[in-house]
Amino acid sequence: QLFKFRMDKWFKISGWQGSVPQEEIPVLPYADFFQQLCRALERESCHIASYFGVPESDVLRLYCLMLDDASGEVMIASCLLEGYGKDQVSRTPDSQDKQELIPSLTARYPAVHPFERELIEQFGVGYIDHPWAKPLRFAHDRADRSKQLNNYPFYSIRGEALHEVNVGPIHAGIIEPGCFRFICNGEQIIHLEIVLGFQHRGVERLIRETPNLLRQSLLCEGVAGDSAAAHGMAYAGVVESLHAVAGAEPVGIRLELERTIALEMERIALHLADTGALCMDIGFQLGQVSCEALRTIVINTTQRWCGNRFAKGLIRCGGTHYPLTSEIAALIRKNLDEVERRYAEVVYALENSSSVLARFEDCGVVTRAQAHRIGAVGMAARASGLERDLRRSHTGHVYGSLLVHDPVVESSGDVYARLKVRMREAVQSMGHVRTMLDLLDSQSRVSCPPDYGMKLASDRLAFSLVEGWRGEICHVALTDPEGRVKVYKIVDPSVHNWTALALSVRGIGISDFPICNKSFNLSYCGHDL
């Protein structure tokens with residue numbers, strides 16, 4: 001049962017999903033809002049899940065959702081900025097005389113940089129001391145159209161011994177576009193700047209422009225194609241939170257278990273895939289082909305369940321078209337037993353190969369202090385000794401109640417640590433799936449189809465948090481007086497973690513960049529919403 005109360009000018013609510021009347025969210029002057037955020041960010045247990053602006057007629061209202069991992073609370077507050085409303089947003093960089101200049105949180109807490117850069121890009125918010133006021137995505141409706149990708153102000157260092165290496169934005173493979181600009185001294189990387197936003201897809205705008213819940217669900221599944229179950233689950237959580245306010249019954253335990261099984265199957269498949277990809281990048285072909293085969297077994301099992309290898313169509317608001325039958329449950333058990341047995345052989349080969357360890361150990365280190373300072377989440381944070389896992393901190397009916405989860409944490413922060421987190425989590429998730437399949441046996445097999453006609457509560461803010469295989473996913477929706485979605489905001493874990501990749505390559509040879517990059521395996525499209 002969710003509970004709520006006010007303290008220190010925050011509205012607080014516990015759990016991984018919920019909704020709150022917009023009128024009950026504290027509205028602070030920016031000075032107080034700034035101080036509240038600073039106080040929270042001073043605590044290691046707190047970090048920002050979502051921070052965005054909503055233009056009104058004459059003001060810009062900023063909303064912040066802060067997570068406290070120690071208490072399991074989501075803390076919500078807002079403030080108003082004069083001069084950035086719908087009728088006042090400057091479209092030129094030199095006409096901000098009526099706009100309020102404010103101090104930057106990024107100057108003190110670098111983890112806030114993607115959120116403040118988005119506010120600068122979308123609304124022209126002026127900061128007094130922002131250290132890195134560059135566009136985040138280059139949206140088509142950005143406030144300053146003079147800022148374009150072809151004149152992006154890359155950081156530069158002068159020196160006769162230094163040279164620059166540019167990679168992308170068009171890559172040799174099939175991945176989305178992204179640009180990496182290296183400053184090197186010989187082969188050693190001094191600095192890396194990562195520029196994304198080459199295909200701003202307008203996902204959030206498309207969601208708010210359609211009242212069709214099925215189409216909204218399809219759009220959310222496509223935020224990051226390798227995280228369809230995670231983003232689909234986050235969207236369902238938002239919609240069902242808004243629907244529950246109208247007195248609707250919550251979804252049953254059986255449906256929650258089935259969704260969580262799909263989520264953990266997705267985690268297993270991608271951790272297997274990344275294990276193989278890291279093997280490929282160092283020429284360890286046995287590990288590569290073995291993991292590719294094992295991943296195929298997992299995703300083909302998902303396909304037998306719902307007709308799609310990536311679980312698209314499986315998670316829908318209010319119900320499911322693909323209830324988990326005893327036949328599919330038996331297939332999952334059988335295939336996971338085989339995968340776990342064969343994967344153990346791959347893990348043994350990796351952990352006992354001196355040539356593998358020589359490439360992975362002490363390469364691409366991100367320290368615990370760095371991970372905390374830049375706001376790393378998920379697997380990237382846990383590999384650096386920072387325990388951030390929503391399955392432990394912000395629990396629901398499955399995690400924390402029916403299923404006890406102990407986060408996998410490594411301390412060295414290098415490529416090998418990120419690989420070990422993957423290897424241990426893959427096996428752990430297989431155990432979680434088996435436990436949930438056993439729990440399903442005690443649940444009635446009544447299932448209901450999705451409800452695309454759900455009535456959403458009006459004038460509310462709803463959120464949903466999901467620990468995807470990369471890390472923390474946050475979806476937030478605001479509804480208007482008629483119950484339509486007027487704002488939809490998505491934060492993929494990649495948004496938090498791209499800075500970690502840039503830090504990891506400092507001081508190493510440029511030839512080691514591919515394995516550092518793959519050890520994070522961040523999402524371009526998850527960033528370019």
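Select Met-66 and show its contacts (heavy atoms within 4.5 Å). Leaving out residues up to four places away in sequence, Met-66 touches Trp-10, Leu-37, Ala-40, Leu-41, Cys-46, His-47, Ile-48, Glu-73, Val-74 and Met-75.

A word on what you're looking at: this is a predicted model, where local features need pLDDT of at least 70, side-chain atom pairs count only at pLDDT 80 or more, and totals for chains, interfaces and linings use all residues. Residues are numbered from 1 along each chain as its sequence is written, and side-chain values use heavy atoms, with hydrogens and water left out.

Now widen the selection to the largest nonpolar core, which has 140 residues. A nonpolar core here is a set of buried Ala, Val, Leu, Ile, Met, Phe, Trp, Tyr and Cys residues joined through side-chain atoms within 4.5 Å, and buried means under 20% relative accessible area (1.4 Å probe, protein chains only). Met-66 is among the residues with the most contacts inside this core, along with Tyr-30, Phe-33, Tyr-51, Ile-261 and Ile-332. Colour helix α6 (residues 253-281) next: its 11 residues are the largest share of the core. Then pick Val-203, Leu-219, Val-223 and Tyr-488, which are included in a second, separate core of 19 residues.

Select residues 73-82, strand β7. Helices (H or I, at least four residues) and strands (E, at least two) are DSSP runs, numbered from the N terminus. Eight of the 10 residues of β7 are buried, so the strand is largely enclosed by the rest of the structure.

Which strands pair with it? Two strands count as paired if DSSP finds at least two bridges between them.

- β6 (residues 59-68) is antiparallel to β7 over 10 bridges; find Val-59 opposite Glu-82.
- β2 (residues 10-14) is antiparallel to β7 over four bridges; here Lys-12 sits opposite Met-75.
- β4 (residues 27-28) runs parallel to β7, joined by two bridges, and Val-27 has Ser-78 as its bridge partner.

**Stop three: an open sheet with a helix on it**

Show the four strands in the order β3-β13-β14-β15, an open sheet with antiparallel pairing. β3 (17-21) and β15 (485-491) are at the edges with a single partner strand each, so one side of each has no neighbour in the sheet. From one strand to the next, the twist averages 15°.

Six bridges join β14 (residues 472-479) to β15, and Val-476 is the residue opposite Lys-489. Bring in helix α5 (residues 228-244), which packs on the sheet and touches β3, β13 (460-467), β14 and β15. The direction of α5 makes about 150° with that of β13 (axes are lines fitted to C-alpha atoms, for helices over the stretch in contact, and angles run from 0 to 180 degrees between N-to-C directions).

**Last stop: zoom out**

Show the whole chain as a cartoon: it has 16 helices and 15 strands. Along its principal axes, the C-alpha trace spans about 70 × 65 × 35 Å. Of the 529 residues, 59% count as buried.

Definitions and conventions: Buried < 20%, exposed > 50% of the residue type's maximum accessible area, 1.4 Å probe, protein only.
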